[in-house]
Amino acid sequence: MKIDAMMRREDFFEILRQTVEKYYREVWGKEGQLAYSPLPNSQKLVVNGKLNFISPTPVPPGVKIYLAGEYNLRGSGLKHLAGKAVVQAGSRLPWLGRVRTAYLTRGLLGNNAFICPQNRSIRIFDYDAMTVDCMVKQGFTHRYFDNQAAFRQAYAYPFVLPMLCRGEDWFREPILLGHPLARVTDPADYRRGMEAAFAGMEQLARDTAQQTPPGNYAAALKDKLLSLLEQAETRKHIRRRAALTELVERCVRHILRQRLPVTTVMSHGDLQTGNIWLDEEKRTWVYDWETAGRRSIWYDSAVLGCRLRRADGWREFLRPEQYGAMLRLDTNRDYTADERQAIKEIVLLEDIAFYLEDLLELPRDWGTEIFEGFCDRILPLFAGREEEP
């Protein structure tokens, strides 16, 4: 999510001010101010809403490295050239995307450092130290932050980036040079990155697999979803509670008829190519473990292999030939047609839970529009489906 979108969703500049001041106070023990009018002895910063960075001008070298990773566009050669043009413009003419000017007490931001706001946090990149600090946004819950930190401390795998240190509201990790897999332009590198990500998740699945008796997992999912839907209607005023409740109950009835045992594993939760990194040494990292938790062995492979986060992801996922991707982590792949349908319904229930939990972790009524868009995609696909007698 870029600054432009955050400005529409939240009181972005006030949240930024409070978070940055808290960061320097808690992490470095320094009192300072961030303001939007000139301060005595302050450093002038450009807030670039299009390219999502806040930095002094001229921009430090680290900004160009950051932009090169973010805007290495996949697809046609024209897109790739467009990405390079964006990097050049952003590093040489940062005022082109300026949405505001900020002023930060001088001496707080390092010579090769800048600020990058995120969905629930801000990140302070320091390319001299080659570290990035992540700080929870003021007013946002700690659940996802604590969840990510707990997972990364508990699971030391070669594909999980280690934390260097952490505090109550922040942690520090190394800066990765390279590109998110979504931005990798070389087809061979992209394939290797996908294979390496799947290999890492297969290892995690093997190490954390637990068998759940037939029906137990689906029943637990139903209880969880009905509770989440009630909360979402009360707190977020969603319009689809009745339709989603009917869909959940219908799917669970079908799943229970199959007597399908479910293997649960530690799951990333949002395993998409934007959360996989290919560094300059061709090593693959899976990052952003905010939504890590125990889910079915089919969920992560469906999200990544079937691209469920794309607008047409669910429509494509329901095609009969797509079941192979969702079984990528599962060693038992000999399922009947009805069982494969039940597996897809389990993935659907888990995906509804993913979107509901994400919605409920945002303050006020933020995120409702995204959730309603998700409902618009899935509900027509399951409308009018006949149940077995």
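1. The charged end of Arg100 lies over the ring of Tyr36, 4.4 Å from the ring centre. A charge counts as sitting over a ring if NZ of Lys or CZ of Arg is within 6 Å of the ring centre and within 35 degrees of the ring normal. The charged end of Arg100 also sits over the ring of Phe13, at 4.8 Å from its centre.

2. This is a predicted model, in which local features need pLDDT of at least 70, side-chain atom pairs count only at pLDDT 80 or more, and totals for chains, interfaces and linings use all residues. Residues are numbered from 1 along each chain as its sequence is written, and side-chain values use heavy atoms, leaving out hydrogens and water.

3. Rings of Phe, Tyr and Trp (its six-membered ring) pair if their centres lie within 6.5 Å; planes under 30 degrees apart count as stacked, over 60 as edge-to-face and the rest as tilted. The count by this rule is 22 aromatic pairs. One of them is Phe13 with Tyr36, edge-to-face at 5.3 Å centre to centre, with 80 degrees between the planes. Phe13 belongs to helix α2 (residues 12-28) and Tyr36 to the loop between β1 (34-35) and β2 (42-48), so the pair ties together parts 23 residues apart in sequence. Phe13 counts as buried, at 12% relative accessibility (buried means under 20% relative accessible area, exposed over 50%, partly exposed in between; 1.4 Å probe, protein chains only).

4. The ring centres of Phe145 and Phe171 are 5.6 Å apart and the planes are at 25 degrees, so this pair is stacked. Both Phe145 and Phe171 are buried.

5. One aromatic cluster is formed by Phe151, Tyr155, Tyr157, Phe159 and Trp289.

How values were computed: Helices (H or I, at least four residues) and strands (E, at least two) are DSSP runs, numbered from the N terminus.
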